[in-house]
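Hello,

Here is the structure I promised to pass on. My notes follow below it.

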Amino acid sequence: MLSMLIALLLAPFARADTPAATVTVFAAASLKTALDEIGASWEAKTGTQLRAVFAGSATLARQIEAGAAADVVISANPGWMDHLEAQGLIDAASRFDLAGNRLALIGFGPQEPVEIGPGLDLAGLLGSGRLAMALVDAVPAGIYGKAALHHLGLWDGVAAQVAQADNVRAALALVAAGAAPLGIVYVTDAAAEPRVGILGVFPETAHPPILYPAAATADAGPVAQAFMVYLRGAEARAALTRQGFTEPG
């Protein structure tokens, strides 16, 4: 049924004398590994190219506001999707929660596990080093991370040592390169980078639920709608699960 629906939606683009259609997806940086896999399977199944643009969710939303040509947007924060929906920039009927995630404390190289809780001596673990995080007031991973540290009573002790990066993959890169001894990223980011290890996973009760809403943009065509159908299907879900994403909610 899924393949038939995609085929029907793509039928106007299937003529041999027309260029291959392209769907442009603006996606949160933490989705890169999973969406690369999903895009490859989508292209193999449909012959339709997927062009993915990865950045922090705030950056993506502002680019769409400014008129950037996107067919689908996948945010790491419902608030930014709400923002786009309020301005009529997405097809609200197409919106759904694609996946969930967890937050991890990571370090450079293999790591001994610690208990993530109010008693964690995070400042002691950092020493004179920096704590890599995505922008704590703009990028979802940073917002969630700051909320978790506040909830656990740890923020004030390390705030001055936070090294803020443009997005969560940039924060991951700081730790992977040894430029920061510790960082807070999504579990899926840590799994995608062999040079880092996980010290512990933050309690889900320490921060708002991490959700990835997806939607077609307001003027998206049939190719984008077909890709939205594909995202809901078993192949896309399996790719997300392999990369460590959780079921939404």
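One definition before the findings: rings of Phe, Tyr and Trp (its six-membered ring) count as a pair if their centres lie within 6.5 Å. Planes over 60 degrees apart make a pair edge-to-face. Please keep in mind that this is a predicted model.

By that rule the count comes to 4 aromatic pairs. One of them is W42 with F227, an edge-to-face pair. Their centres are 5.2 Å apart, with 80° between the planes. This pair links distant parts of the chain. W42 sits in helix α2 (residues 32–46) and F227 in helix α10 (residues 222–231), 185 residues apart. W42 is buried, at 0% relative accessibility. F227 is buried too, at 0%. W42, F227 and Y230 form one aromatic cluster.

Y212 and F245 also pair: their centres are 5.4 Å apart and their planes at 85°, so this pair is edge-to-face. Y212 lies in strand β10 (residues 211–216), F245 in the segment after α11 (234–242), so the pair ties together parts 33 residues apart in sequence. Y212 is buried at 0% relative accessibility. F245 is buried at 6%.

Now the chain as a whole. Its secondary structure comes to 11 helices and 10 strands. The radius of gyration is 19 Å, close to the 18 Å that the globule rule gives for 249 residues, so the chain is as compact as a globular protein of that length. The C-alpha trace spans about 65 × 35 × 30 Å along its principal axes. Of the 249 residues, 51% count as buried.

Best wishes

Key. Residues numbered from 1 in each chain as written. Predicted model: local features only at pLDDT ≥ 70, side-chain atom pairs only at ≥ 80, totals over all residues. Heavy atoms only, no water. Helix = DSSP H or I, 4+ residues; strand = E, 2+ residues; numbered from the N terminus. Rg over C-alpha atoms; globule rule 2.2 N^0.38 Å. Buried < 20%, exposed > 50% of the residue type's maximum accessible area, 1.4 Å probe, protein only. Phe/Tyr/Trp six-rings, centres within 6.5 Å; stacked < 30°, edge-to-face > 60°.
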